[in-house]
Amino acid sequence: MTTNKDYPKSFSHIGITVPDIHKAVAFYSEVMGWYLIMEPSKIKKEKETAIGQMCIDVFGDNWTEFEIAHLATSDGIGVELFSFPNGVKEAPEFNPFNTGLFHFCVQDPNIEALVDKIVAYGGKQRMPIRAYYPDNKPFKMCYVEDPFGIVFEIYTHSYELTYSSGAYAK
């Protein structure tokens, strides 16, 4: 293995498409505690502004408008919510075996309370809360869904601490 002399890039934000921007803002701000940094706004397809041209570059010409809102986590990671009027409004098919984004993960030491709150707000618990190293470390995890069927994971501890012991089994 060669040593990478480059520096690790930081994570800036994630974009999530939702069926209802206002319900999504309420869920992610009330349940996850994320800060609303830009209220839902309507973007119309046009070439006169930088944002209009940028959206055409990204989405192509086959759209007329969409709504967008920006939130931020406690550690400054952005969450960009999109809602397209003509998009599919059903939950995406859960298929982690195909190439593509599988899930994102949040961290909360009180995993039980967060899972309960997600379910109370219309989300779903996909599995029991599990311990990674039940005899050695208090690290827990659980997969959940938001009310729109978007799958994500919860850890009780940081990514580095969770995997610092190396292999799952010896």
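**Group meeting: pockets and cores**

Okay, let's start with strand β1, residues 13–17, which gives the most to the lining of the second largest pocket, with 3 residues. Keep in mind that this is a predicted model. That second largest pocket comes out at about 610 Å³. It has 28 lining residues, and Thr 17, Pro 92, Gly 149, Ile 150 and Val 151 are the ones closest to its centre. By type, that lining splits into 14 nonpolar, 9 polar and 5 charged residues.

Now the largest pocket, with a volume of about 820 Å³. Here 25 residues make up the lining, and closest to the centre you'll find Asp 75, Ile 77, Cys 105, Val 106 and Gln 107. So which strand gives the most to this lining? That's β5, with 4 residues. β5 (104–107), β9 (151–155) and α4 (159–163) each put in at least two.

On to the cores. The largest nonpolar core has 27 residues, and the ones with the most contacts inside it are Ile 16, Tyr 28, Leu 81, Phe 104 and Ile 154. Elements giving two or more residues to this core include β1, β5 and β9, along with helices α1 (21–30) and α3 (111–120). The largest share, 5 residues, is from α1.

Have a look at Ile 16 on the screen. Setting aside neighbours within four places in sequence, Ile 16 touches Tyr 28, Val 79, Glu 80, Leu 81, Phe 82, Phe 104 and Ile 150. There's also a second, separate core of 8 residues, with Cys 55, Trp 63, Ile 68 and Phe 82 among them.

Note on methods
Residues are numbered from 1 along each chain as its sequence is written. This is a predicted model: local features need pLDDT of at least 70, side-chain atom pairs count only at pLDDT 80 or more; totals for chains, interfaces and linings use all residues. Side-chain values use heavy atoms; hydrogens and water are left out. On a 1 Å grid over the protein atoms alone, a cavity is a set of points where a 1.4 Å probe fits but cannot get out, and a pocket is an open set with protein on both sides within 12 Å along at least five of seven lines; lining residues have an atom within 4 Å of a point. Grid points are joined across faces, edges and corners, and a volume is the space filled by probe spheres set on the points. Ala, Val, Leu, Ile, Met, Phe, Trp, Tyr, Cys and Pro count as nonpolar, Asp, Glu, Lys and Arg as charged, and the others, Gly among them, as polar. A nonpolar core is a set of buried Ala, Val, Leu, Ile, Met, Phe, Trp, Tyr and Cys residues joined through side-chain atoms within 4.5 Å. Buried means under 20% relative accessible area, exposed over 50%, partly exposed in between (1.4 Å probe, protein chains only). Contact means heavy atoms within 4.5 Å.
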